[in-house]
Amino acid sequence: MTTRVLLCQRDELTPGSLKKVPNAEVGDICVYNLEGQYYATADLCTHATASLAEGDLEDGLITCPVHWGQFDVRTGEAVTFPCEKHLRTYQIIVTDKEVFADVAKEAEEALAADLA
Amino acid sequence: MDNNLIKLKPIEASPALPNLDKLCDMEAGRMSGKIFWDGDIYEQELEKIFARCWLFVAHESQIPKAGDYIATTMGEDEVLVVRQKDASIKVLINACPHRGNKVCFAEAGNARGFICNYHGWAFGTDGALRGMHESGVYEDSAFDKSQHGLREARVDSYKGLVFATFAADAPSLAEYLGPMAWYLDVILDNDEGGTEFAGGCIRSTIECNWKIAAENFVGDILHAGWTHDSAARAMLGGAVAQVSDFPESWSVNWNGHGYEFARDLVGNAAVLGESAINKYLHLQAPKAAERLGEFRSRMLGAVSSFTLFPNFSFLPGQNTMRVWQPRGPNKIELYTWVIVNKNAPQDVKDKWRRGAMMTFSPTGVFEMDDGENWEYCTKTSRGKVTRYQDLYVGLGMNTRLADTDLPGNVFKGQLNEANSRAFYQYWKDLLKAPSWADVPDRNGQLR
């Protein structure tokens with residue numbers, strides 16, 4: 001079974017925008033375009049039930065729409081209360097036309113940050 | 001516009017009180033103090049005036065950025081005026097649609113949203129319900145978040161002033177203001193940069209009926225030469241201008257709004273005792289003439305005042321804008337701001353802010369003069385007999401000017417109660433009308 005999940009077309013998201021991608025296996029995924037660089041995390045906030053795709057993306061931080069906690073979308077780090085538990089990230093694979101997540105792997109940045 | 005759009009349930013109109021013509025007869029120029037004291041009348045006012053009319057809620061300069069908000073009230077309904085991400089403005093009822101708790105306790109600020117302290121219902125700045133504590137359990141009750149956001153009022157603005165109404169059937173703001181907008185431009189549009197509020201909101205209470213204060217500004221310069229004489233001597237070193245000496249002055253009204261004015265340019269401003277303000281007005285007048293014509297350029301800081309029905313008032317010259325917030329039949333909460341031209345020099349803005357505080361604010365000498373009079377105008381009506389006796393509102397009866405180019409219902413002279421009569425007539429018409437469609441148009445017929 002492949003762990004590769006299609007997120008969007010390469011030209012689908014403009015820089016600074018984001019999108020929720022439904023996924024029944026690992027839970028919904030949120031994909032972000034940060035100035036041309038793609039990132040993906042779990043869409044469900046780690047604090048309470050909320051879709052991060054409905055939040056505001058500014059300076060690499062996603063602000064949860066419900067209680068305004070924040071995560072760094074590159075590393076998944078919970079940076080603003082009431083979010084304390086880090087967010088699951090997914091490794092991005094970009095092909096000619098499409099953007100995928102490998103749901104078996106964390107993002108490189110998350111591994112480097114070593115948040116565990 | 002229907003009520004679904006603003007998510008408000010319409011109020012079923014209460015039957016009109018039976019004795020209003022006895023208590024308020026503007027054809028005869030008389031009324032009774034009962035209208036300043038009676039609890040039943042007050043409840044009708046909340047419903048038929050404050051829940052219906054366009055009410056001033058903010059100046060756009062108070063909330064420049066997305067998420068900026070101020071808290072105010074429309075009648076006794078608490079609302080939040082919030083700048084949206086698309087730069088539009090929403091007015092949201094500051095009460096959670098779950099158990100009614102207040103969702104924002106600050107008077108002003110910037111927020112990403114509002115979260116209720118009780119059960120954690122969380123709303124975006126657009127009022128949409130975004131989530132709740134234990135949100136999963138709501139799903140079993142077929143809960144539809146889109147139906148449970150903060151309730152919205154209708155919003156519109158005129159040259160920086162933001163107004164809102166709860167009434168789906170209210171006329172447009174432009175229709176409501178009518179030709180009074182032409183006079184408002186004296187303040188709002190005398191400079192290309194527009195206006196802003198200087199400093200914050202000064203809040204105070206006066207134990208008077210809201211109509212007495214609103215009526216004072218709608219057309220009562222008569223009191224100033226007497227009530228404020230001593231304060232004027234203290235502030236100015238001289239008496240208030242003798243208004244009856246002015247070669248010409250006017251009272252104009254429309255839909256219960258009223259503006260009384262002379263064209264002496266600096267008469268009101270002079271009581272601030274700041275030569276820099278007088279100088280600014282003299283320098284500004286020619287620029288204003290280019291925008292508004294010579295006639296209105298002489299009104300900038302002149303002896304004048306106005307009220308937009310029901311409770312939003314302004315003094316040109318002192319540049320104080322205020323809302324007489326009703327808090328029961330015999331109490332108001334007074335919200336006061338200072339308005340200045342955005343392009344005015346900072347020291348002139350500061351002098352206006354300070355000047356307004358020295359004159360019309362809880363620390364102001366003129367406000368103290370007025371407050372005492374208004375409190376006793378209200379409190380004498382607690383006497384059961386006194387409250388039914390006639391109060392005279394007949395000054396200037398039959399002084400309407402037919403041969404004038406000025407917009408609105410125009411009357412001769414400022415020392416004239418024509419605007420007061422128009423104000424109380426509109427008040428009575430609204431209390432009698434089951435809906436907006438039933439409010440008679442008396443423009444052109446008033447005496």
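## The open sheet of chain A

In this predicted model, chain A holds an open sheet of 4 strands, which follow the order β5-β6-β7-β8 with antiparallel pairing. The edge strands of this sheet are β5 (56-58) and β8 (78-80) of chain A, each of which pairs on one side only. Neighbouring strands of the sheet are turned against each other by 30° on average, when direction is ignored.

Within this order, strand β6 (residues 61-63) and strand β7 (residues 70-72) of chain A are joined in the antiparallel sense over 3 bridges, and T63(A) has Q70(A) in β7(A) as its bridge partner.

## Strand β12 of chain B and its partners

Turning to chain B, β12(B) pairs in the antiparallel sense with strand β3 (residues 55-59) of chain B over 4 bridges, where H59(B) has L161(B) as its bridge partner in β12(B). Strand β11 (residues 152-158) of chain B also pairs with β12(B) in the antiparallel sense, over 5 bridges, and here the bridge partner of D156(B) in β12(B) is F163(B).

The strands β11(B) and β12(B) form a hairpin with 2 residues between them, in which K159(B) takes a positive phi near 45°.

## Burial of β12 in chain B

In a regular strand the side chains alternate between the two faces of the sheet. Both faces of β12(B) are covered, with L161(B), F163(B) and T165(B) buried on one side and V162(B) and A164(B) buried on the other. Because 5 of the 5 residues of strand β12 (residues 161-165) of chain B are buried, this strand is largely enclosed by the rest of the structure.

Note on methods: Residues are numbered from 1 along each chain as its sequence is written. Chains are lettered from A and ligands numbered from 1 in the order in which they are written. This is a predicted model: local features need pLDDT of at least 70, side-chain atom pairs count only at pLDDT 80 or more; totals for chains, interfaces and linings use all residues. A residue is buried if 20 or more other C-beta atoms lie within 10 Å of its own, exposed if 12 or fewer, and partly exposed in between; C-beta atoms are placed from the backbone. Two strands pair if DSSP finds at least two bridges between them. Axes are lines fitted to C-alpha atoms, for helices over the stretch in contact, and angles run from 0 to 180 degrees between N-to-C directions.
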